[in-house]
Amino acid sequence: MEAHLKAPVAGKTCRQGQVARALVPAAGRVANTKRAVTVLATPPEAPGAGTAAAPGDYKTSSAAAQTSGNVVPFPSPVPVSGAGKPGRKMAPMDGNEATANIAYAVSDVSFIYPITPATNMGEMVDQWASEGRTNVFNNVMSVTEMESETGAAGALHGALAAGALATTFTCSQGLLLMVPNMYKIAGELTPCVLHVTARALAKHALSIFGDHQDVMAVRQTGWAMLCSHSVQEAHDLALVSHLATLRASVPFLHFFDGFRTSHEINTINLIDNEAIKSILAKPIYQDAIKHHRARALNPTHPHQRGTAQGPDVYFQCAEAANPFYDRAYDHVVAAMEEVSAVTGRVYKPYEYVGAPDADKVIILMGSGSGAVEEAVHYLNAQGKKVGVLKVRLYRPWNSKVLLEQIPATVRKVCVLDRTKESGSGGEPLYQQISMTLHEAEMADPALPRRYIVGGRFGLASKEFLPSHAAAVFENLDAKKPMRDFSVGIVDDVTHRSLPDSKWLPLGTSTLPKGTFECLFWGMGSDGTVGANKEAIKIIASSAGMSAQAYFSYDAHKSGGVTVSHLRFGPSEISAPYLVQQADYLAVNHQSYMAKYDTLASLKPGGVLVLNTVFTNPDSLGKYLPDKVKRQIAALKPQLYVIDAQAVAKASGLGKHVNMVMQTVFFNLSGVLPMEKAIALLKKSITKAYERKGPEVVSKNHAAVDLAVAALKKLDIPAAWSTLPTHVVNPNPPSKGNTSRWEFIETVAKPMLALEGDKLPVSVFSPEGFVPPGTTVIEKRAIAAQVPIWKAENCTQCNICAFVCPHAAIRPALASPADLAGAPSTFNSIQAKGPGMGDLKYRIQVSPYDCTGCDLCTHACPDNALQSVPINSVLEVEATNWDFAGTLPARTDIMDKATVKGSQLQPPLMEFSGACEGCGETPYVKLLTQLFGDRLIIANATGCSSIWGGSAPSNPYTTNADGYGPAWANSLFEDNAQFGLGIAMGTVQRRKTVRKHVKEVLAVEMDKMPLSFGLRNALTRWDEHFEEPEVANVVAKELQPLLEREKNVHPMITQLYDERDMLHKASIWIVGGDGWAYDIGFGGLDHVLASGENVNILVLDTEVYSNTGGQRSKATPKSAVTKFAAGGKERPKKDLGAIAMSYGDVYVASTSLHANYGQVTKAMAEAEKYGGVSLVLAYAPCIMHGISSGMCSAIDESKQAVETGYWPLYRYNPAVKEDATHHRFQLDAKKLKGDVEEWLSHENRFQILERKNPDVAHKLHHELDDAVHERFDRMKHMAAGGHFEPGTPPPASMPHAEAHDHDHQHNPKDGGCGCH
Ligand SMILES: Cc1ncc(C[n+]2csc(CCOP(=O)(O)OP(=O)(O)O)c2C)c(N)n1
Ligand code: SF4
Ligand code: SF4
């Protein structure tokens, strides 16, 4: 067999005469004609050696000996074990899909609710059900989305009681909400399986990443617990769980590590439905299913369950279940054997791997065992007597069998827990093993005493490498091993962390020989991750290799960093950790080369592909920092460059470079013949994008066709190796030594450089509190184009600033004196309007903070903004922005409760990591401009909590006085109650202060020597304490007075201590529709009914945006979302009508993009209203799939309002009803345009149109009717009429169709000027 290798440059060889390794085009591949093809003989050990390759066959590379440095040669295309064997189907998939496949096959019903990273399992079963896939019972699974996990668990319990085989998927907070029903299901000894992607819990911070905190929090519920350690195990043990639960009549919680296993794509061997059927056909299962169904609730053979019991019998009943748990272990073993019989894969509940005569052993659960196993093999090869015991069955526990697995020679045991139980003295698995060893040693004094220690690893997906496992063995080797330690972090506070390993130093590879590793650095939403998912699937399915893919992300919703970690090779790949030393590194965004240490993980001599506009050594050399050039010179990679942006643009893909970079990867890697790779890539594109329409598909195909020709190989200039070393800090220097700037220096900057893993414990606040205003230093520069201001056209409406989701464009007012030091490019015009005097006006953009969403240019009614390439203005406008930041805020010139005036207030929420063009952020930004210096926000979990506060990006900031929004996220489900609690606590504390003020004022002057100023200010405050406009001004005056006189009298000292409560706060409860309409509705309803002075802002994206776009009860009829794959059939819930039904709740329905004035007015009125206020905010979201992009969100929203799809109204209970004044005011009074035509602009409605036009037409039509019916009803209400929400309008009302269609928007007024 021959191998074709592409030399980097015609005729040239690499260092030491080695030929460039296999990242080369194979015969027949579309190749850069300038490059030569070199042919080498296949090494004898390569499988297939000696066999002639068929034309067009895949050609492999040379042996490792023939490659440069320690770079792995391109793996040979040998099928991994099991592939191709009869009855064995190999497929690349992630742990979620591997599990969902089994769950679907063996369940009748499922009740689902989204929570990362378990959501995908729910999405998959919903999708398969909508496609009519049948399970092993030849039925289509019934899948129902519930309003919360509480609901999902309740429904699960009900379905089980009705005799169905039921399952669900969850983790973390979701699992916690299931606890009450878990007790019930176990208490009733019901067979059931719950699949859990084990995840961290929200404590000092929320984290979506993997550990065992959630499953350990339910270990007492009576569920059996089976843990899968890999993707293959997730598939196999899912089936074991479903079988064992039937056998044992005990419910099973099957868990695996969130992200590491749930989202790792690996090549697995699938169990087909026939094999499952053959197992279920056994009498034991037939009987178990019959038994389960026979004991269901049924009036033909009734029984009662769930009764109340007293002290006389409850205890005995609880003990009566013991035999079921006693037998469960045997059932698990039997089920494992049955699965082994059809798969050939053998599992044990406790499995030992390592030296048979080991003296030290690590015991642990989950994916971390893969890293320990690699370390064990490495250390065994060095003669160290170590081993690992993998725990799969955690409940019911079997001490006897576990002990049998530990070699008799073992003297030291370390138990690693992937959880933390503060104050426990030892985590749960450690305690369990301690108990096991202790009882055994007590029972048999002849047994050797074993030394046992426990430690923690991998919280929230913290990397756990073979080297860390070696460090644990080294600790055991010490004379006095550390106990209660942590590994993988640096704990410089309590000094509990283990030092780095010497036995297996960091960076040492323990991977199977021939494993090829790749890293792709991409930008969130640029498609890199999606493209790599497809690439790995293509490699695994078509190149016959074992493949693994894992994806890491930073916290930004868009424009953040993604790193795709791909591995493939001839042997099975476990490696549950990130790529440490890549053979192939692609950096898809040129700015990353300067910002991050991307080269840190590149092997010497590996392939480096840069997407850059600088495609020759000179220009690239000018762009790259010296440090990076030196690194390149030292690593001597095969350096390729491509201007992928240009190719993407030419293909009509805008900034999406993913397909270009993927094609380059296939071209350079030679993993498949290029024609084949191209055909497969195109096929996968069609599959992935056909939902988005044929145009998107053909643009991506075009990118594939154009990519290779644009690729260039560069020689590395010799001078790069001798560049001088000097340290450049790309971040702006800190501005002070307050806690904020200290946080920025010590935490934020390293994290932003993706070096957070290296931070020691001591830099963090133990309670998780963080200072505001850290996004100001991010300066991400992610926009391709930014707006520049055309002064001559500007009419100073401030609308651009109003709509900007990122607070990256602002008006500046400057006096002639201020302008004395202005940059020459800082042009301005005479400011217009009352009170402006000789002030000058300018609109200033921050190019580093702008995301290039283009909303401002679309919103500008005067054509005064123009988008230009960022590079052309970056320096100039950044300087101008900095200068604008030095100008004094002129906040008193205009009423801030107006569109223009609001934008003269500094936004106290800026530069969040929300998606570009996000429809949620402008509402909250406006809130901070109206009430920011006294704002308290209770934020439900959702997009708004993620862009609102994801470490280290804190977008809420402060004004010049240091005042600004105080922001907190409790949970997803409890936000309304959390906010109510804040409100009531605040009111109570202010009442106390007022009492104290009154008491001070009541003391006679001669008994308390207060200054006249202080007494006077306290009196004024007392008179106006409920009026923030006065009280807060006086409160500010009081601060220095109290400071000065605090020692005058103990009562003044007390007031001094309480002085922060003099300020009247504005309390807002903020969250998305998923929270307000679904999971949090019970609490929200309670708050609506409370009559307290709180304000609620619902950011209605009409889907659960944060978890990827699942249906909520706010989702409109006919929309296709996740969990509503066939189009939603039920109408949207009318939350406004429900709130109005209380009569004393202020309710407004707003659309910021459609009517700037109305939303401003609504927020001001809501805040002023003394009771509960609810503001519903229509928020365009990337999940809507607006066909012309998020930059069209303004037109799109305007049409949504014009057509009546989204109503604009305000219901103000403070208005006294009479003939002319009505509480209900319709702000968009006339309809214009066609709802169904509007629906055609958004993919969420169009998907159904493409998939099922008949259903789409029916549902669209019904939606249209409902819109008109609601409009008629509202018109009636606006005229003072009253009727119940949801009832048809009185016959006397004309139908909306008859309304005039000639209403014009007044763009200056921000849309409909009709309020
Ligand atoms: C109890 C619980 N279940 C599920 C989740 C996962 N989760 C976090 S945010 C979210 C959706 C939020 O949707 P929505 O309220 O509409 O806000 P948006 O993201 O659209 O702003 C879900 C399901 C959770 N955090 N807690
Ligand atoms: S392009 Fe978008 S982010 Fe940039 S200034 Fe305009 S509205 Fe703001
Ligand atoms: S609401 Fe939509 S657009 Fe905004 S951050 Fe979330 S997903 Fe992105």
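Author: Happy to! This is a predicted model, and its chain has 41 helices and 39 strands.

Reader: How much of the chain counts as buried?

Author: Of its 1315 residues, 58% do.

Reader: What makes strand β9 "largely enclosed"?

Author: Check its residues against that same cut-off of under 20%. Strand β9 covers residues 252-257, and six of the six are buried, so the rest of the structure largely encloses this strand.

Reader: Which way do the residues of β9 point?

Author: F252, H254 and F256 point one way, while L253, F255 and D257 point the other way. Both sets are buried.

Reader: How do you know that β7 and β9 pair?

Author: Pairing takes at least two bridges between the strands. Strand β7 (residues 193-198) is joined to β9 by six, and the two run parallel. As one example, H195 stands opposite H254 in β9.

Reader: And what makes β8 a partner of β9?

Author: Strand β8, residues 224-227, has four bridges to β9, again in the parallel sense. With at least two needed, that qualifies as pairing. Over here, C227 has F255 of β9 as its bridge partner.

Reader: What makes a group of residues a "nonpolar core"?

Author: They must be buried residues of the listed nonpolar kinds, joined through side-chain atoms within 4.5 Å. The largest such core here has 104 residues, and L253 and I433 have the most contacts inside it. Helix α6 (residues 231-248) gives the most to this core, with nine residues. Apart from it lies another core, of 98 residues, including I799 and Y1077.

Reader: Which residues does I433 touch?

Author: Leaving aside neighbours within four places in sequence, I433 is in contact with I363, W397, L402, V413, V415 and I452. Contact here means heavy atoms within 4.5 Å.

Reader: Last one: what kinds of residues make up the shell around ligand 3?

Author: Seven are nonpolar, two polar and two charged. Among the residues surrounding ligand 3 are K557 and E920. Lys and Glu count as charged, so those two are the charged pair. C915, W947 and I1182 are also in the shell, and Cys, Trp and Ile count as nonpolar.

Methods: Residues are numbered from 1 along each chain as its sequence is written. Chains are lettered from A and ligands numbered from 1 in the order in which they are written. This is a predicted model: local features need pLDDT of at least 70, side-chain atom pairs count only at pLDDT 80 or more; totals for chains, interfaces and linings use all residues. Side-chain values use heavy atoms; hydrogens and water are left out. A residue is near a molecule or strand if one of its heavy atoms lies within 4 Å of it. Buried means under 20% relative accessible area, exposed over 50%, partly exposed in between (1.4 Å probe, protein chains only).
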